[in-house]
Amino acid sequence: VDLRRGVIVGYEILSRFAFDGTVPPDLVFACATRCGLGVELDALVVKRALTLAGEKPPNCFVSINVDPLHLTSPLLMEVILEHGDLGGIVFELTEQRQIHDLEEVSRCCYQLRKQGAFIAVDDAGAGYSGLKQILALRPQFLKLDRTLVSGVQGDEAKRAAIEMLGELAERLDAWIIAEGIESDREVHSLAQLGVPLAQ
């Protein structure tokens with residue numbers, strides 16, 4: 001949602017698995033990776049998500065989660081690039097594992113951008129999404145981790161961290177998206193801080 005205008009500007013496609021509703025999706029992806037099937041599962045999900053993205057309303061983007069280590073796989077890149085025009089698609093690099101080869105991931109992100117895609121770094125301010133990764137990948141979106149967002153209205157340290165990330169995003173010509181907003185007070189505080197987008 002665009003906080004200034006109060007309108008929907010994007011959607012995030014999330015995976016849900018029918019075989020057992022009690023198992024969270026992140027555990028399914030982690031298990032697939034441990035079994036050596038992580039790339040195949042990501043490729044299947046991305047292929048389906050790109051099909052669904054064709055149904056998005058005009059003037060909106062669609063965000064698809066991707067493990068950055070899988071992004072360097074020829075299988076996943078082939079599925080993405082054969083889709084053709086990626087305008088309005090955001091590939092959100094997840095934060096479950098540390099990226100060791102930033103140069104290779106950056107090269108893949110460049111290929112995606114050439115076809116019109118945007119890149120987002122998930123959980124900025126937490127996990128593995130450190131400054132080094134942000135500076136190497138130059139994403140168009142920084143998604144603030146919900147631990148920074150929760151209770152922001154009463155926490156000066158969180159406000160300062162969000163302001164710092166906001167200035168970095170501005171210098172990178174990127175947008176900030178605040179995730180996990182649960183209250184009107186959080187919305188008001190984030191709007192005061194100049195955060196443009198909220199989820």
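**Exercises on a parallel strand arrangement**

The structure is a predicted model, in which local features need pLDDT of at least 70, side-chain atom pairs count only at pLDDT 80 or more, and totals for chains, interfaces and linings use all residues. Residues are numbered from 1 along each chain as its sequence is written, and side-chain values use heavy atoms, with hydrogens and water left out.

**Exercise 1.** Work out which strands β4 joins by bridges, and in which sense.

*Solution.* Two strands pair if DSSP finds at least two bridges between them. Begin with β3, which runs parallel to β4 and is joined to it by 4 bridges; within this pairing, V90 has F118 of β4 as its bridge partner. Then turn to β5 (residues 141–144), which pairs with β4 in the parallel sense over 3 bridges, and where L144 is the bridge partner of A124.

**Exercise 2.** Explain why strand β2 is largely enclosed by the rest of the structure, and trace its pairings.

*Solution.* Count first: 5 of the 6 residues of β2 (residues 61–66) are buried, so this strand is largely enclosed by the rest of the structure. Next, take β1 (residues 10–13), which pairs with β2 in the parallel sense over 4 bridges, with Y11 standing opposite V62. Finally, β3 (residues 89–93) runs parallel to β2 and is joined to it by 5 bridges, with N65 standing opposite E92.

Note on methods
Buried < 20%, exposed > 50% of the residue type's maximum accessible area, 1.4 Å probe, protein only. Helix = DSSP H or I, 4+ residues; strand = E, 2+ residues; numbered from the N terminus.
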